[in-house]
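Here are a few notes from going through this one, written as numbered points. Have the structure open while you read.

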Amino acid sequence: MDLIVPRDSSPNALAERHWLMRGSPVIAVDSVTKRYDGLTVLNSISLAVHEGQVAVLIGASGGGKSTLLKCINMLEPPESGKIYVEGADITAKRADLRQLRARLGIVFQDYNLFPHMTVLGNLTLAPIRVSRLSKDEARTRAEEELRRVGLEGKINAWPSQLSGGQRQRVAIARALAMRPTALLLDEITSALDPESVADVLSVVRELAAQGATMLIVTHHMGFAREVADRVMFIDGGSILEEGTPTEVFDESKEERTRNFLRRVRFA
Ligand SMILES: Nc1ncnc2c1ncn2[C@@H]1O[C@H](COP(=O)(O)OP(=O)(O)OP(=O)(O)O)[C@@H](O)[C@H]1O
Ligand SMILES: [Mg+2]
């Protein structure tokens, strides 16, 4: 995927790029704390996602997984800590949020598409407005991404004419149309029927096979096991345990991880 080079060429930005060239993570979360009304949701959490890595975040409901993804995108600014996207500090006061956000494709559980626009409109809006593509270039890219998610025939459809699974696949295509460096996926299958879940998961599986960098929140443990390079268990607002799927699912060191896994297996 294309790398968008920061326009800022100040000594700091250059130093950050140098750091990037040494193999720094695509996403680095460093001691981030986030509170809502006195409730500490993220408690000095740190994690890294490297290029081509599929990191899966698991943990109990209300544990802060969505909040973390929103912080990474600065939809929710953290109280303290730093977040780097390709080495650039997205939490810095002078950060170019528009450009930095464009590097992260984010798909949520629901309400992803603009209902008043066709699929084509949804897919071309940001590439035209933010990446300054011409209408034709944006259309070509939209067609390409729709093919990738198996929905090339739906380019002129309205979101209301699509099934839930198709809507989510369009949402993934829309994120990909920005040629992001990483994808953040937050329980994108949880509102879907089993057949649509399978369709959406197979798109994600395909992206993983193509080397996309992803941070995925999911309750599908079987899928997590299959697709993840790293699994991270969030508990008490920080990462309690992380490792390969085998390490976390079969050989977890923490009692709290084992309890959580037992609960979800029997859910
Ligand atoms: N905008 C908000 N204002 C106040 N509290 C919030 C807000 N967003 C989230 N919270 C609280 O932060 C905590 C973490 O929520 P979050 O949505 O990040 O959890 P989650 O791990 O994604 O859960 P789930 O698995 O159910 O999606 C919850 O206690 C929630 O009530
Ligand atoms: Mg959530």
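**Notes on the helices**

1. Let's start with Arg-101, which is buried: 21 other C-beta atoms lie within 10 Å of its own, and 20 or more is what it takes to count as buried. Bear in mind throughout that this is a predicted model.

2. As for Thr-118, 17 residues from Arg-101 along the chain, the two C-alpha atoms are separated by 23 Å.

3. Another arginine to look at is Arg-167, in helix α6. Arg-167 is buried too, with 27 other C-beta atoms within 10 Å. Not counting residues up to four places away in sequence, Arg-167 touches Asn-112, Leu-113, Pro-159 and Leu-162. Phe-223 is 56 residues from Arg-167 in sequence, and their C-alpha atoms are 20 Å apart in space.

4. Next, a helix pair. How do α4 (residues 119–129) and α5 (residues 135–148) pack? Their angle is about 125 degrees and their axes are 9 Å apart. That makes α4 oblique to α5, since roughly perpendicular covers 65 to 115 degrees and roughly antiparallel needs over 145. The crossing of α4 past α5 is right-handed.

5. If you want to see that packing residue by residue, α4 brings Leu-120, Leu-123, Thr-124, Pro-127 and Ile-128. On the α5 side they meet Lys-135, Ala-138, Arg-139, Arg-141, Ala-142 and Glu-145.

6. Now for α7, which runs over residues 194–209. Its 16 residues reach 22 Å from first C-alpha to last, close to the 22 Å expected at 1.5 Å a residue. After the helix comes Gly-211, with a positive phi near 95 degrees.

7. Which residues of α7 are buried? They are Val-200, Leu-201, Val-203, Val-204, Leu-207 and Ala-208. Looking down the axis of α7, you'll find these buried residues within an arc of 150 degrees, so they line one face of the helix.

8. What do the buried residues of α7 pack against? The partners are strands β3 (54–58), β7 (182–186) and β8 (213–217), along with helices α6 (164–176) and α8 (221–227). Among these is α6, the helix in which Arg-167 lies.

Note on methods
Residues numbered from 1 in each chain as written. Chains lettered and ligands numbered in written order. Predicted model: local features only at pLDDT ≥ 70, side-chain atom pairs only at ≥ 80, totals over all residues. Helix = DSSP H or I, 4+ residues; strand = E, 2+ residues; numbered from the N terminus. Expected span 1.5 Å × (residues − 1). Buried ≥ 20, exposed ≤ 12 C-beta atoms within 10 Å, placed from the backbone. Arc of directions from axis to C-beta. Contact = placed C-beta atoms within 7 Å. Axes fitted to C-alpha atoms, helices over the stretch in contact; angles between N-to-C directions. Parallel < 35°, antiparallel > 145°, perpendicular 65-115°, else oblique. Left-handed = near helix turned anticlockwise from the far one by under 90°.
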